[in-house]
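User: I'd like to go through the aromatic contacts and the strands around them. Can you take my questions one by one?

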Amino acid sequence: EASDLKTPRQWLIDWVRGGSSDSGVSITADSAMTLATIWQAVTVLAGDVGQLPLNVYRRTGDDDLDKETDRKHPAFTLVRHRPNPYTSWQDFAETMMVYALLWGNGVAEIAWDNRGRPIQLTPLLPDRTWLDIESGVPWYVTRQGKNREETASYRKLRPEDVLHIRGLSWNGLWGIDVISKARNSWGLGLGQEKYANKFFGNHAMPAGTLEYPGRFRDEETIKRIRADWRNLHEGLDNVGRVAVLEEGMKFNAMSFNNRDSQWLEGRKFQRGEIASWFNLPPHKVGDLERATFTNIEEQNRAYLQTSLMRWLIKWQEECREKLLTGRERREDTHFFEFNVA
């Protein structure tokens, strides 16, 4: 949408701020993935979808259990081995899931042979692809161009030429950008991490104030004493050095307690909150506080049913809609299904 400078729209504000959160930390896909819990959450879901075998089945009876793998189906090689000459199925599925989990949309172009059979699936960059509605018909538009110096070119793709794994959506057509919605939540976690790094990087032991009974006569003496103290005692390499005071100086130590400042509790809270953004049970992102040997199997079963299965069904339905022929869909002779055994 167009935007002026007097009443800028949110996309323009975000662009000018560089995706900054209220904490002042810039949140992009790259920066978000530097937070260990987000990396873990994305890796768990993307990795589990990628490692599960997806099969094309032919129905052999009226019951869903009456089926056999159709290894001769054109889509079988795409979903079991190589969607394109350069990518394995596992890498392809993980890439599509990363796009869907962070941007809300995993989109891939479908290539066809002369007989209308799918022969290749190629992921499209999520930050360069969007949906246009023209006369009630959705079109996928993708921007191409290696760098800013090149003149960007745009391609329009029909819906039937696109495999689309979408996350939560406002309209059922285009998924919600998770990064933009989670910016402040994730920014808090990265802000805590950034502050901790600065604190420990500059921390000095001993730390406090130097008290002198008299008054220094010139500013240069103060600068020299401060510089000498910093060189001797600041930084992790100088922790524990013995302080030598002269001319009646007195050192007043200042204490700092991480637990008193609820630092550790805040870090723990962030793990649980990030798990909520991805609908993951806490133990999947390393929070084992409520996990025991007796209930971990139950929690894994709940993870399959409430977290992972949602994505598996999206894959199965989209592959059925886009990779089967019209006749196969109408007569319901084939279907896709993950083996979660």
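User: How many aromatic pairs does a search of the whole structure find?

Analyst: First, a caveat: this is a predicted model, where local features need pLDDT of at least 70, side-chain atom pairs count only at pLDDT 80 or more, and totals for chains, interfaces and linings use all residues. Residues are numbered from 1 along each chain as its sequence is written, and side-chain values use heavy atoms, with hydrogens and water left out. Rings of Phe, Tyr and Trp (its six-membered ring) pair if their centres lie within 6.5 Å; planes under 30 degrees apart are stacked, over 60 edge-to-face, and the rest tilted. On that basis, the search of the whole structure gives 7 aromatic pairs.

User: What geometry do W130 and Y154 have, and how far apart in sequence are the parts they tie together?

Analyst: The rings of W130 and Y154 sit 6.1 Å centre to centre with 70° between the planes, so the pair is edge-to-face. Helices (H or I, at least four residues) and strands (E, at least two) are DSSP runs numbered from the N terminus. W130 belongs to strand β5 (residues 129-134) and Y154 to strand β7 (residues 153-157), so the pair ties together parts that are 24 residues apart in sequence.

User: Is Y154 buried or exposed?

Analyst: Buried means under 20% relative accessible area, exposed over 50%, and partly exposed in between (1.4 Å probe, protein chains only). Y154 has 51% relative accessibility, which means it counts as exposed.

User: How many bridges join β6 to β7?

Analyst: Two strands pair if DSSP finds at least two bridges between them. β5 and β6 run antiparallel with 6 bridges, and T129 stands opposite T142 in β6. β6 and β7 also run antiparallel, with V141 having K156 in β7 as its bridge partner. The number of bridges joining β6 to β7 is 5.

User: Which ring does the charged end of K284 sit over?

Analyst: A charge sits over a ring if NZ of Lys or CZ of Arg is within 6 Å of the ring centre and within 35 degrees of the ring normal. For K284, the charged end is 4.4 Å from the ring centre of Y303.
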